[in-house]
Amino acid sequence: MSSRKTLIALAFCVSQLTGCAQTKPPLAQLDDAGRRVEAARGDGAATYAPMELRTAAERLSLARAAMKDEDYDQAAQLADEAQIAGELAQAKTRLGKARERVDTRTQENAQLRSDLSIGSDADQGGQ
(Lines give C-alpha, C1' and ligand atoms only; values in the text may rest on other atoms or scores of the structure.)
Protein backbone atom coordinates (compact mmCIF):
# COMPACT_ATOMS: atom_id res chain seq x y z
CA MET A 1 0.00 0.00 0.00
CA SER A 2 2.85 2.35 0.80
CA SER A 3 4.39 2.03 -2.64
CA ARG A 4 1.03 2.81 -4.26
CA LYS A 5 0.70 6.03 -2.23
CA THR A 6 4.26 6.94 -3.18
CA LEU A 7 3.51 6.34 -6.84
CA ILE A 8 0.35 8.47 -6.66
CA ALA A 9 2.23 11.24 -4.87
CA LEU A 10 5.02 11.08 -7.45
CA ALA A 11 2.52 11.22 -10.32
CA PHE A 12 0.83 14.21 -8.71
CA CYS A 13 4.14 16.05 -8.29
CA VAL A 14 5.15 15.36 -11.88
CA SER A 15 1.77 16.59 -13.17
CA GLN A 16 2.09 19.75 -11.09
CA LEU A 17 5.60 20.44 -12.31
CA THR A 18 4.60 19.79 -15.90
CA GLY A 19 1.60 22.08 -15.55
CA CYS A 20 3.77 24.89 -14.22
CA ALA A 21 6.43 24.56 -16.89
CA GLN A 22 5.05 26.69 -19.69
CA THR A 23 6.43 26.65 -23.18
CA LYS A 24 7.91 29.99 -24.16
CA PRO A 25 5.95 32.08 -26.65
CA PRO A 26 7.40 31.49 -30.14
CA LEU A 27 7.80 35.20 -30.90
CA ALA A 28 10.84 34.77 -33.14
CA GLN A 29 9.14 32.01 -35.13
CA LEU A 30 6.07 34.18 -35.65
CA ASP A 31 8.22 37.11 -36.76
CA ASP A 32 10.17 34.91 -39.18
CA ALA A 33 6.97 33.43 -40.59
CA GLY A 34 5.43 36.88 -40.99
CA ARG A 35 8.50 38.16 -42.83
CA ARG A 36 8.51 35.11 -45.09
CA VAL A 37 4.82 35.52 -45.98
CA GLU A 38 5.30 39.22 -46.69
CA ALA A 39 8.40 38.51 -48.78
CA ALA A 40 6.46 35.97 -50.83
CA ARG A 41 3.66 38.46 -51.32
CA GLY A 42 6.16 41.14 -52.34
CA ASP A 43 7.86 38.78 -54.80
CA GLY A 44 4.60 38.27 -56.67
CA ALA A 45 3.35 35.03 -55.15
CA ALA A 46 -0.23 36.25 -55.49
CA THR A 47 0.25 35.86 -59.25
CA TYR A 48 2.54 32.82 -59.43
CA ALA A 49 1.65 30.80 -56.30
CA PRO A 50 -1.70 32.02 -54.96
CA MET A 51 -2.66 28.77 -53.22
CA GLU A 52 0.65 28.50 -51.41
CA LEU A 53 0.50 32.16 -50.40
CA ARG A 54 -3.04 31.73 -49.10
CA THR A 55 -1.97 28.64 -47.11
CA ALA A 56 0.95 30.55 -45.62
CA ALA A 57 -1.24 33.50 -44.66
CA GLU A 58 -3.89 31.22 -43.13
CA ARG A 59 -1.31 29.31 -41.09
CA LEU A 60 0.19 32.59 -39.89
CA SER A 61 -3.23 33.84 -38.86
CA LEU A 62 -3.93 30.61 -36.99
CA ALA A 63 -0.52 30.83 -35.29
CA ARG A 64 -1.29 34.36 -34.10
CA ALA A 65 -4.67 33.18 -32.77
CA ALA A 66 -2.97 30.32 -30.92
CA MET A 67 -0.56 32.85 -29.39
CA LYS A 68 -3.48 34.90 -28.09
CA ASP A 69 -4.90 31.71 -26.57
CA GLU A 70 -1.48 31.04 -25.05
CA ASP A 71 -1.27 27.70 -26.87
CA TYR A 72 2.42 28.20 -27.59
CA ASP A 73 3.13 24.70 -28.88
CA GLN A 74 0.36 25.01 -31.44
CA ALA A 75 1.48 28.54 -32.31
CA ALA A 76 5.04 27.32 -32.92
CA GLN A 77 3.83 24.46 -35.12
CA LEU A 78 1.60 26.75 -37.18
CA ALA A 79 4.33 29.37 -37.49
CA ASP A 80 6.67 26.71 -38.86
CA GLU A 81 4.00 25.63 -41.34
CA ALA A 82 3.45 29.26 -42.40
CA GLN A 83 7.16 29.76 -42.94
CA ILE A 84 7.46 26.59 -45.03
CA ALA A 85 4.40 27.51 -47.10
CA GLY A 86 5.91 30.97 -47.61
CA GLU A 87 9.17 29.45 -48.78
CA LEU A 88 7.26 27.23 -51.20
CA ALA A 89 5.35 30.24 -52.51
CA GLN A 90 8.63 32.08 -53.08
CA ALA A 91 10.14 29.11 -54.90
CA LYS A 92 7.10 28.72 -57.15
CA THR A 93 7.19 32.45 -57.84
CA ARG A 94 10.83 32.24 -58.92
CA LEU A 95 9.95 29.28 -61.12
CA GLY A 96 7.01 31.11 -62.70
CA LYS A 97 9.14 34.15 -63.44
CA ALA A 98 11.91 31.99 -64.90
CA ARG A 99 9.40 30.23 -67.16
CA GLU A 100 8.15 33.60 -68.38
CA ARG A 101 11.69 34.65 -69.23
CA VAL A 102 12.26 31.38 -71.10
CA ASP A 103 9.01 31.84 -73.04
CA THR A 104 9.98 35.40 -73.93
CA ARG A 105 13.42 34.32 -75.14
CA THR A 106 11.89 31.46 -77.12
CA GLN A 107 9.55 33.88 -78.87
CA GLU A 108 12.40 36.31 -79.54
CA ASN A 109 14.51 33.52 -81.01
CA ALA A 110 11.64 32.35 -83.21
CA GLN A 111 11.18 35.90 -84.46
CA LEU A 112 14.92 36.23 -85.20
CA ARG A 113 14.90 32.93 -87.08
CA SER A 114 11.92 34.09 -89.07
CA ASP A 115 13.61 37.40 -89.85
CA LEU A 116 16.80 35.62 -90.89
CA SER A 117 14.97 33.20 -93.16
CA ILE A 118 13.08 36.05 -94.83
CA GLY A 119 16.37 37.90 -95.32
CA SER A 120 18.01 34.75 -96.72
CA ASP A 121 15.13 34.14 -99.12
CA ALA A 122 15.34 37.73 -100.41
CA ASP A 123 19.12 37.46 -100.87
CA GLN A 124 18.80 34.16 -102.76
CA GLY A 125 15.99 35.45 -104.94
CA GLY A 126 18.09 38.40 -106.11
CA GLN A 127 21.00 36.23 -107.24
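I take a contact to mean heavy atoms within 4.5 Å of each other, and I keep to that meaning in the entries below, bearing in mind that the model I am reading is a predicted one.

Entry on Gln 83. I looked up this residue and found its place in helix α5. Which residues does Gln 83 touch, leaving out those up to four places away in sequence? I noted Asp 32, Ala 33 and Arg 36 as the residues in contact with Gln 83 under that condition. I then asked why Gln 83 counts as buried. Its relative accessibility is 19%, and buried means under 20% relative accessible area, so Gln 83 counts as buried.

Entry on the overall fold. I went through the secondary structure and recorded five helices and zero strands, which follow one another along the sequence in the pattern α-α-α-α-α. Turning to contacts between residues with a separation of 6 or more, I noted that 74% of them in this protein are accounted for by residues 24 or more positions apart.

I looked up how much of the protein is covered, and 23% of its 127 residues count as buried. The accessible surface comes to about 9300 Å², and carbon and sulfur atoms hold 55% of that area.

Entry on charge. I searched the surface for a patch of negative charge and wrote down one in which Asp 69, Glu 70, Asp 71 and Asp 73 gather. For one of these residues, Glu 70, I also checked the place in the chain, which is the loop between α4 (50–68) and α5 (72–125).

Terms used:
Residues numbered from 1 in each chain as written. Predicted model: local features only at pLDDT ≥ 70, side-chain atom pairs only at ≥ 80, totals over all residues. Heavy atoms only, no water. Patch = residues over 30% accessible without salt bridge, like charges linked within 9 Å, V, L, I, M, F, W, Y side chains within 5 Å. Areas by Shrake-Rupley, 256 points an atom, 1.4 Å probe, with all protein chains shown as cover. Salt bridge = Lys/Arg side-chain N within 4 Å of Asp/Glu carboxyl O. Lys, Arg positive; Asp, Glu negative; His and termini not counted. Charge placed at Lys NZ, Arg CZ, Asp CG, Glu CD. Helix = DSSP H or I, 4+ residues; strand = E, 2+ residues; numbered from the N terminus. Buried < 20%, exposed > 50% of the residue type's maximum accessible area, 1.4 Å probe, protein only.
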